[in-house]
Amino acid sequence: MSQALPTEWDAIVCGASFGGLAAASQLGGRVLMIDSGEIGDGETSASAVPVACLENLDLMHTAEQLHDDIVVHTARHAQTLDFFPYATFDYRSFCRSFFEHSDARFLRARVQSASEGVVATSKGRFESPVVIDATGWRTAAQAARKKRARVTRRSFGLESRQPYVGDGLHFYVGGGRRNRRFYWVFPAGDHVRAGLATYSGESSLSPELSEFLGDLDLGSPGHTHGGFFTSRLGEPIRDSAFVVGDAAGHCLPVTGEGIRPALVYGQIAGRLAELARRGDLTLPEALSRYRAVVRSHSRGYRILDRLQVVLGRLPDPMFEGFGRYVASERFQPWARRVYWKVADPDLLTAEPSLEPLPPAALGERSAIDPRPTA
Ligand SMILES: Cc1cc2nc3c(=O)[nH]c(=O)nc-3n(C[C@H](O)[C@H](O)[C@H](O)COP(=O)(O)OP(=O)(O)OC[C@H]3O[C@@H](n4cnc5c(N)ncnc54)[C@H](O)[C@@H]3O)c2cc1C
């Protein structure tokens with residue numbers, strides 16, 4: 001099939017998951033989207049997002065269950081957070097419906113490198129002035145990156161679908177379990193997704209998953225999936241490409257919430273790339289404004305980053321104390337404000353739109369943090 005495809009495109013999007021689909025949804029012209037798997041086949045996550053993301057993208061029909069409550073469990077307490085409502089959704093139908101929001105052509109191929117407008121794949125070479133790298137934690141042009149990008153810290157998560165039902169998103173911390181892990185049970189209609197993650201990136205978690213499920217009487221692990229996810233902000237521009245989602249370390253430290261940032265930064269990158277495609281901005285201007293947007297949130301990321309480092313080292317009793325603090329009235333207003341704004345779902349739109357863009361994307365210098373990230 002690839003022989004029939006032209007070599008030159010207005011934009012090329014590498015990676016057809018959250019970040020790539022969000023970017024493509026904002027691009028006009030001839031857009032090529034490339035992924036090594038079929039769209040919607042590579043589920044790695046528990047697929048929970050703030051309901052506002054699905055609403056604003058007009059993808060509510062992909063929701064499996066809505067959750068008003070987030071419950072943090074420690075050994076002796078279970079406390080409900082007064083947070084924003086979340087939804088668990090079906091990854092495959094989300095990705096396929098979202099892809100229909102764009103006019104992109106899809107090519108199933110492995111991206112080998114993406115540099116200076118040239119994307120080399122297992123099915124040939126393609127060129128475009130606009131390249132968006134949304135290939136997740138592995139990233140497409142690893143060889144080039146190794147030289148310049150600072151190392152993005154990686155967490156690892158593993159989860160299983162279990163045939164149980166429930167309400168609310170449940171997190172489990174402390175309680176005599178080993179440090180540097182957090183556990184969850186997310187109901188999703190006719191099943192729950194239950195898993196655990198390590199901040200250290202340690203990945204042999206099957207025995208602990210079985211133990212966790214056994215403790216909660218959720219049976220033995222069924223179909224499992226998972227993988228690495230990033231937890232430190234990386235460089236948002238590489239080799240003249242916009243880098244979005246886990247490829248740029250957008251996944252939020254502490255919670256491992258990476259879908260919302262991939263969607264938000266994906267659409268912002270897509271809008272700025274579209275302005276470049278139309279000739280309203282030069283490509284260097286569009287790239288530098290994208291970088292400014294990401295950097296304007298670096299403080300929020302830094303705070304979460306440091307918190308994650310501390311949490312990874314806390315002994316159990318203190319970890320429990322943290323769980324209680326997160327659930328407390330004192331912490332909630334800060335969490336709602338800062339945690340929401342770091343990747344604001346109100347910037348998401350269902351239709352292609354050159355708005356909304358945050359101040360830093362409009363070239364308002366007060367919002368720009370000019371320090372280099374690499
Ligand atoms: C167990 C687990 C549970 C999680 N639960 C949640 C959750 O409930 N909520 C949440 O917000 N976040 C969650 N996360 C984090 C979230 O999954 C990631 O942050 C998010 O998927 C990042 O999206 P992305 O589009 O940047 O990258 P990805 O979703 O990783 O997508 C990358 C895409 O690029 C493709 N690709 C990669 N390399 C190549 C290549 N060389 N050539 C072609 N294609 C390529 C892949 O096939 C894939 O489709 C979880 C993570 C894990 C591991």
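I count a polar contact as a pair of N or O atoms within 3.5 Å; within protein, one must be able to donate a hydrogen and the other to accept it, and residues adjacent in sequence count only if both atoms are side-chain atoms.

The model is predicted, so I note that local features need pLDDT of at least 70 and side-chain atom pairs pLDDT 80 or more, while totals for chains, interfaces and linings use all residues. Residues are numbered from 1 along each chain as its sequence is written, and side-chain values use heavy atoms, with hydrogens and water left out.

Entry: I looked up Phe18 and found a backbone N or O atom 3.1 Å from an oxygen atom of the ligand. A polar backbone atom of Ser36 is 3.1 Å from a nitrogen atom of the ligand. For Arg110, a polar side-chain atom lies 3.4 Å from a ligand nitrogen atom. I then noted that the ligand taken alone exposes 1000 Å², of which the protein buries 90% (Shrake-Rupley method, 1.4 Å probe).

Entry: the shell. I find 31 residues around the ligand (a heavy atom within 4 Å); the closest are Ser17, Gly19, Asp35, Val111 and Asp246. The shell divides into 13 nonpolar, 14 polar and 4 charged residues, with Gly counted as polar. Domain 1 (2-65 + 85-150 + 232-367) and domain 2 (154-230) each give at least three residues to the shell; the bounds come from an automatic or database domain assignment.

Entry: the core. The largest nonpolar core has 90 residues (buried, under 20% relative accessible area; joined through side-chain atoms within 4.5 Å). Phe94 and Ile132 are among those with the most contacts inside it.

Key: Buried means under 20% relative accessible area, exposed over 50%, partly exposed in between (1.4 Å probe, protein chains only).
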